[in-house]
Amino acid sequence: MGSFGGATDPSMVQVVDGFRLVPSISAAERYDSNVFLTPKTSGVDRSDYVSTLKPQIRGLFDEGGMKANAVVGATAEYYAKNRNFNYIGANAGLSLNLGSILDPLWQGMKATVTDTFSYTPVPPAFLVGEQTGSTTTSSQVAYGGPNGIQVGRVSSISNALGVSLTAPVSQTLNLAGSYSRGFFRFGTSEVQQTGLLLNTSSETIMAGVQAKLSPQDTLSLNYTQSTFTYEDASGLAFTTRGGMLGWAHLFSPTVTMTSTAGVQIFEGGGVSSVSGSSNSSSSLVPTAGLGLTWKDQTTMLSLAYGLSLTPSYQFEAQPILTNTVSFSVKQVMPIPDLVGLLSANYARGDQFGSTSANSISYSSYGGSSGILYKITTKTFLNLNYQYMKFDSQFGSQAFSMDRHLVSLNITQAFY
């Protein structure tokens, strides 16, 4: 699996042939400066000390070209001060590569299926990686989040399913397509929210071609269509459809780049929680993405940028034009079995096409740093610090909050 296979999870072991179940358990202690996920309030102590236990079972399969990586886990948290915050959450993930199973239908056709599920009273603001052995997937962002917006402490359920296909026409030309759908829903809130929370769902289709121009370059041309629906606003929805051009380039064995750019037609509208009125419009919206990766035997750096239209799930049912930037580093240290981890995220979103005084905007950023010590191949110890800052605005109302986290985590796999 290379230097970084299972970099933060000892259950990510390599399976050469057959099926393997890998149970694991993590125990952590952390200091959290803002367990309420709310702005500072006079006389309210938002800090707490939290104990976490995470049992997990990972299933790995590799046979006949077909590969599967599935995980089911639970999260139990105990709060020293706010005992009413104690909870048990759940998560599951699947990454399935069907390999050559579709060859009888179309020689060389490849298909992958991904699915992620999460229930937690602590909704994330940014996506995290390695749940199923990879970072962000198309299915994870199918429901439009997390994209840098941090809501208060509230029960939330999310699910995202994605399927992708490629079929060769010649040695240098492939047909490609994908389908994804997902939802993000909120339940009961344990603290007062700074704005109305909105359940959203989405569906996206993509179809196009991929051309291998050289051993280093691949071009793609795709048609995409996405529909985002607000489930609490009488089915109010908006749709984007258009074209996207992609370019993947291998600069060297250690440096790769992927990029996309396109224009889509936006159709739909939003509804105002202030006036109760709805509006509809049609206009052009840009979309873009860029990914850079450096990877050798000791260092892995990745930089990603994205520009897309996503639904707002706070304040009002309105489309948000969102910019996101993420950066991460994994560095093998001179001390044997010690790995340094560093990451940063930034997001900026503004209500698309709005000239209203009650428009929505937000910005957020955060970073983390830590070290991971591989005591054995089955036992990892991780010390981490994380800081997050969130600012949002709805009309003349402004909300700001930050959060400091210091955690010590030990994970043991059994195989």
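These entries record what I looked up about salt bridges in the structure.

**Basis.** I worked on a predicted model, in which local features need pLDDT of at least 70 and side-chain atom pairs count only at pLDDT 80 or more, while totals for chains, interfaces and linings use all residues. Residues are numbered from 1 along each chain as its sequence is written, and side-chain values use heavy atoms, with hydrogens and water left out.

**Search.** I searched the whole structure for salt bridges (a side-chain nitrogen of Lys or Arg within 4 Å of a carboxyl oxygen of Asp or Glu). The search returned ten.

**Asp 402 and Arg 46.** I found these side chains joined in a salt bridge, at 3.8 Å from N to O. Asp 402 belongs to strand β18 (residues 397–413) and Arg 46 to the loop between β1 (18–32) and β2 (48–63), so the pair ties together parts 356 residues apart in sequence. Strands here are DSSP runs of E, at least two residues, numbered from the N terminus. I then looked up burial (buried is under 20% relative accessible area, exposed over 50%, partly exposed in between; 1.4 Å probe, protein chains only). Asp 402 is buried at 16%, and Arg 46 is buried at 9%.

**Glu 267 and Arg 241.** I noted a salt bridge whose closest N and O atoms are 2.8 Å apart. Glu 267 sits in strand β11 (residues 255–271) and Arg 241 in strand β10 (residues 237–250), 26 residues apart. Glu 267 is partly exposed at 36%, as is Arg 241 at 26%.

**Asp 350 and Arg 348.** I recorded an N to O distance of 2.8 Å for this salt bridge. Asp 350 is partly exposed at 30%, and Arg 348 is partly exposed at 32%.

**Network.** I also found Arg 30, Asp 32, Glu 77 and Arg 403 linked by a network of salt bridges.

Technical notes: Helices (H or I, at least four residues) and strands (E, at least two) are DSSP runs, numbered from the N terminus.
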